[in-house]
Amino acid sequence: MKKANNKRAAAAASLILKLVCAALLVGAGGVRALAAEGEGDVKHKAPVVSAPREVINTMKIAGMKVAKFDEAVLSALARRGAPTTGVMCDGRDPVARRILNEYGAVFVAGGGALPPPICIFATAAEVESFQLAARVASQEIGGITIELQPAAMRALLAARAEAHSMGLDVTPRDGSESARRGYADTIRLWNSRLLPALEHWRGQGRLTHEEAERVRALPAREQVAAVLELERRGIYFSKDFSKSILYSVAAPGASQHLSLLAFDAAEYADERVRRVLARHGWFRTVRSDCPHFTYLGLEERQLPSRGLKRVNTHDGEFWIPNSPAA
Ligand SMILES: [Zn+2]
């Protein structure tokens, strides 16, 4: 018994060490690795993006402790036999922390899903090679071709069949972009918020011409960091300039749609439809993005042990990473 306890303590210590190593490695220069992703979804129009901090309460699941999200990601990596060093988003890097907190649920996906191997895809080639490795299943739904990872597609079709049996349906909200996207899509969507906001704040005198031009010219990752820094000063980049850009679009390379594990459903507002999707492993994991569902391949009761906590908002329930604030 004592031996087992020692073993457990050693494992925990090793986990913490790995986390620190991973942070150092990534911080030192871009070792890519594993985890997380984001969601992102940019493309939803204004009405579906609700006030980000409208969380009314955080539900405690009776008798169940919610795991810490970063530890759950490391455990998920270990379960998959993936390297646990060099792969993680560095939780101390403010950009990575925000990406993990806003879109990170996909990193603990199971049920036959292949989570993205890195925090933020940096190039179109990285996205393409991941999508090739994950494999793409294609299906027509409501006259629109939808592409997802095979396990995610099977679960979606099963959910749809169950919905049909109840007189309901599950259909894509925004054409084929409701599921698979490419890197260029995430850049285009990001720019659709970034560029008007730079103009707006320059017009307001809050940014000089030079500052706006400097931000516009930055490479994607640095640009995200610069935007988040400006937002700390109240210079917001969402569509109406009132909140963070991340509640409006995903950072480039950080959308769960790139991982083929996200689907935007037209029927998201119907709680019965959400329950059907949940029974098949599909949950809403990005709290400002109402139509956006993530394939986690898990039962709802498993989510707390995977580092996800349930929050109830005016727009219904979301399962989000149980992480420290950015
Ligand atoms: Zn989406």
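Tutor: Let us begin with pairing, for which two strands need at least two bridges found between them by DSSP; please also keep in mind that this is a predicted model.

Student: What makes strand S2 and strand S3 a pair?
Tutor: Strand S2 (residues 137-141) and strand S3 (residues 144-148) share 5 bridges in the antiparallel sense, and since pairing requires at least two bridges, they qualify as paired. Within this pairing, Ser 138 stands opposite Glu 147 in S3. The hairpin of S2 and S3 has 2 residues between the strands, and Gly 142 takes a positive phi near 60° there.

Student: Why are strands S4 and S5 said to stand at the edges of their sheet?
Tutor: The open sheet consists of 3 strands in the order S4-S6-S5, with antiparallel pairing. Strand S4 (262-264) and strand S5 (282-283) each have a single partner strand, so one side of each is left without a neighbour in the sheet. S4 and strand S6 (residues 292-295) are joined by 3 antiparallel bridges, and Ala 262 stands opposite Thr 294 in S6.

Student: How do you know that the length of helix H8 agrees with what its residue count predicts?
Tutor: Helix H8 (residues 220-232) has 13 residues, which at 1.5 Å a residue should span 18 Å, and because its end C-alpha atoms are 19 Å apart, the two values agree.

Student: Which residues of H8 are called buried, and what places them on the same side?
Tutor: Val 224, Val 227 and Leu 230 in H8 are buried, a term that requires 20 or more other C-beta atoms within 10 Å of a residue's own. These three residues cover an arc of only 125° around the axis, and therefore lie on the same side of H8. Glu 222 and Arg 232, on the other side of H8, are exposed.

Student: Against what do the buried residues of H8 pack, and what follows the helix?
Tutor: The buried residues of H8 pack against helix H3 (94-103), helix H6 (183-203) and helix H7 (209-217), while Gly 234, with a positive phi near 85°, follows H8.

Student: How confident is the predictor, in terms of pLDDT, across the protein?
Tutor: The average pLDDT is 82, and 78% of the residues score at least 70. Over residues 1-61, however, the pLDDT is below 50, although this stretch has 140 contacts in the model beyond near neighbours in sequence.

Key:
Residues are numbered from 1 along each chain as its sequence is written. This is a predicted model: local features need pLDDT of at least 70, side-chain atom pairs count only at pLDDT 80 or more; totals for chains, interfaces and linings use all residues. Helices (H or I, at least four residues) and strands (E, at least two) are DSSP runs, numbered from the N terminus. The expected span of a helix is 1.5 Å times one less than its number of residues. A residue is buried if 20 or more other C-beta atoms lie within 10 Å of its own, exposed if 12 or fewer, and partly exposed in between; C-beta atoms are placed from the backbone. The arc is that of the directions from the helix axis to the C-beta atoms. Two residues are in contact if their C-beta atoms, placed from the backbone, lie within 7 Å. pLDDT is the predictor's confidence in each residue, from 0 to 100.
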